[in-house]
Number of protein chains: 2
Amino acid sequence: MLPWKPCQIGDTVSLVQTPSLILDLDVFDRNLDRLMHCAKQMRVRPHAKSHKCPEIARRQIAKGAVGVCCQKLSEAVIFAQAGITDILLTNQVVGIGKLARLAQLAQTIQLGVLVDDQQQLADLAAAMAGQAKSMDVYIEIEVGGQRCGVDPESALELAKQIVSTPGCRFAGLHCYQGRAQHLRQANQRQTAITQAAQIARQAVDLITKAGIDVPCVTGAGTGTFWLERDSGVYTEIQPGSYVFMDRDYADNLAAADDVRFEHALFIQTTVMSASHDGFVVVDAGLKSMSVDSGMPRVDGQPNLSYLKASDEHGVIDVIEGPRPQLGDVLRLIPGHCDPTVNLYDELVVVRGDKVVDIWSIAARGASL
Amino acid sequence: MLPWKPCQIGDTVSLVQTPSLILDLDVFDRNLDRLMHCAKQMRVRPHAKSHKCPEIARRQIAKGAVGVCCQKLSEAVIFAQAGITDILLTNQVVGIGKLARLAQLAQTIQLGVLVDDQQQLADLAAAMAGQAKSMDVYIEIEVGGQRCGVDPESALELAKQIVSTPGCRFAGLHCYQGRAQHLRQANQRQTAITQAAQIARQAVDLITKAGIDVPCVTGAGTGTFWLERDSGVYTEIQPGSYVFMDRDYADNLAAADDVRFEHALFIQTTVMSASHDGFVVVDAGLKSMSVDSGMPRVDGQPNLSYLKASDEHGVIDVIEGPRPQLGDVLRLIPGHCDPTVNLYDELVVVRGDKVVDIWSIAARGASL
């Protein structure tokens, strides 16, 4: 935790101490509106793993989201404590201690969880024994992400098991194609989601023919959600990064019908050393941003290129034009928003050149 | 912050909820002893940016360290609040607000800071005006890291300026060659540190000939400190990662006289999905480790390879032998310890198969 605040409400943005995580509220609001407009008939359940911020969840729900997704049980507990009453935990939960907490949480909110294994379901059933309120259980389908999930035939077996399990309600299929989100070419994303939708459709048909209703098919992210929307099989979408729009998502090449968002999230950084020709050093490095998806972009200054990050330093190459001066303030667009946000305890919320609020990233570090 | 603890003191290690950051106390103790033994005549000032944990700093000082280094002002404030009384802030501090806090901190502990610019020094002097206790000011020399720092001639000018600046005491030269730490070949590291020491020597000679005493030449990291030790010019070493020993440092090829440490830091993780042949999915991804220096290694299981990380998942390839089972607990050796530790609020300290303590990573996220 920081021993002091980087700014106060009402401060001029350029005076916020650095490195700090900045949210442009006007852009953020436009991103929220754009998603709800483009979702059309879809239920929208944004993914809160991107922001880990209950205030953002409240604003998403106020705009029409049905609830949020979380990715970790501890994250879901924090959002529930903050008053969010409808959460889909888009992950498997393993271990007796966590399952007991999961069962408890299901007594206080509308809660869903994923399974992709009969043993998981048996363990979940044991944790739910004697609980008053049942758990919404979704089957994760492997739709091309090559991570978790089962094929449609295995899903049918799991669905049969769920409907005969006391304390568990079969709530639907989780069909998230994570790899498709970051495919650069629009036609690659189209192909991947077409395939994902076909697999989802197979699973729906198999389960439905066995006499089991499939209430929901949920999935989709910021990079593809309009494809799932138009697939005819998905009923709910889960985009998360759209609220911020990181550099990596923006690097996806657009098709004519792509839905684009604007960069709302920045790392404000200061030039702390300018003792060499050709480059300057800023105070934001690996502990201020995740570089797993590449380096950040310097906002609005194409003549500057963030070259390399060490733990607490960033080297910015001056491609052309004048070199920034010691003390100059720059804004970086992070390569990957989710793990970057997870480094900070607070979002500095700005409108124009003023700090208008500070929001707690209450679920930062909640990885259990 | 986590809404509950992953374990309690006395728990069996395999029952610690995951993902959690585990410190093997016996190995850690051996690493501390090995450094002090190998430092020989050198003053040792370990870098606390690696661990951000006051309890570790106290143990380093109890073993003979003169104090610690910090890399950020907010980090230094937290260590000072925790009772550490001798801190070298191995970084430039820029901005009036931070400089005022820096000047305050210097009134309460023995504090050093770096400069590599005359304007920085002028700003520091303004912040120190009227303060009772002076600040130790070190000049950062560019010794091959291609980041901050000045050449020996500019250092002489800065040294002259410091000795005539009220409130500032010229304390020495900071000559850290960060790039050398991770050069894979031992002869590459030797060459880099030989060059760094030559530049440091030039600066010392220039400043000494001008009649200014150079009380300290400080630098060196876990990858090279025995080279600086034997250079004849360095008087203090600053290794940080040796307490943990990450995968990237261990990947350095050793020369006969290299000083090696053991892995003391692990991410404990659980197999949460095992629904495919050939790989399993664990619950530790990008929010549980930094992958800037590559993927983690699965401890003690060369038949398993951590293939890719997404935000909350890791895919582990089964190269040969039986596939781990759902619920199996694995330990990962992080690729890069510093930004990995910065993701966690607590270290779970174990001895053998028991949890013996939980230490606060109090300066986690302290990047201002």
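**Exercises on a two-chain model**

B:Q268, in strand 10 of chain B, is the bridge partner of B:S20. The model is predicted: local features need pLDDT of at least 70, side-chain atom pairs count only at pLDDT 80 or more, and totals for chains, interfaces and linings use all residues. Residues are numbered from 1 along each chain as its sequence is written, chains are lettered from A and ligands numbered from 1 in the order in which they are written, and side-chain values use heavy atoms, with hydrogens and water left out.

**Exercise 1. Strand 10 of chain B**

Task: Find which strands pair with strand 10 of chain B, and in which sense.

Solution:

Step 1. Helices (H or I, at least four residues) and strands (E, at least two) are DSSP runs, numbered from the N terminus. Two strands pair if DSSP finds at least two bridges between them.

Step 2. Strand 1 of chain B, residues 20-24, is joined to strand 10 of chain B by 4 bridges in the antiparallel sense. The bridge of B:S20 with B:Q268 involves strand 10 of chain B.

Step 3. Strand 15 of chain B (residues 329-333) also runs antiparallel to strand 10 of chain B, with 4 bridges. Here B:T270 has B:V329 as its bridge partner.

Step 4. Between strand 10 and strand 11 of chain B there are 3 bridges, again antiparallel. B:V271 is bridged to B:V282 of strand 11 of chain B. These two strands form a hairpin with 2 residues between them, and B:G278 in the turn has a positive phi of about 90 degrees.

Step 5. Now judge how enclosed the strand is. Buried means under 20% relative accessible area, exposed over 50%, and partly exposed in between (1.4 Å probe, protein chains only). Of the 12 residues of strand 10 of chain B, 11 are buried, so the strand is largely enclosed by the rest of the structure.

**Exercise 2. The interface**

Task: Describe the contact between chain B and chain A by its residues, area and polar pairs.

Solution:

Step 1. Contact means heavy atoms within 4.5 Å. Chain B gives 69 residues to the contact and chain A gives 69 residues.

Step 2. Buried area is the accessible area (1.4 Å probe) that two parts lose on being put together, summed over both. For chain B and chain A this is about 5600 Å², with 58% given by carbon and sulfur atoms. On the side of chain B, the residues losing the most area to chain A are B:W4, B:R147 and B:L368, together 13% of what that side buries.

Step 3. A salt bridge is a side-chain nitrogen of Lys or Arg within 4 Å of a carboxyl oxygen of Asp or Glu. The rule finds 8 salt bridges across the interface. One of them is given by A:D283 and B:K98, whose closest N and O atoms are 3.9 Å apart.

Step 4. A polar contact is a pair of N or O atoms within 3.5 Å; within protein, one must be able to donate a hydrogen and the other to accept it, and residues adjacent in sequence count only if both atoms are side-chain atoms. Across the interface, 33 residue pairs are in polar contact (both at pLDDT 80 or more).

Step 5. The elements of chain B that give two or more residues to the side touching chain A are helix 3 (73-81), helix 4 (96-105), helix 5 (118-128), strand 10 (265-276), strand 11 (279-282) and helix 10 (337-341). Strand 10 of chain B gives the largest share, 6 residues.

Step 6. Ala, Val, Leu, Ile, Met, Phe, Trp, Tyr, Cys and Pro count as nonpolar, Asp, Glu, Lys and Arg as charged, and the others, Gly among them, as polar. The side of chain B that touches chain A has 25 nonpolar, 25 polar and 19 charged residues.

**Exercise 3. A:K287**

Task: Is A:K287 buried or exposed, and which residues does A:K287 touch?

Solution:

Step 1. A:K287 sits in the loop between strand 11 (279-282) and strand 12 (297-298) of chain A.

Step 2. The relative accessibility of A:K287 is 2%, so A:K287 counts as buried.

Step 3. Not counting residues up to four places away in sequence, A:K287 touches A:D311, A:E312, A:L343, B:K49, B:K52, B:D338, B:P339, B:N342 and B:S367.

Step 4. A polar atom of the A:K287 side chain lies 2.8 Å from the backbone oxygen of B:K49.

**Exercise 4. Backbone angles**

Task: Locate the cis peptide bond from B:T18 to B:P19 and the positive phi of A:K40.

Solution:

Step 1. The bond from B:T18 to B:P19 has omega near -5 degrees, and B:P19 is in the segment before strand 1 of chain B.

Step 2. A:K40, a residue other than glycine, has phi near 55 degrees. A:K40 is in the loop between helix 1 (25-39) and strand 2 (43-44) of chain A, and is exposed at 58% relative accessible area.
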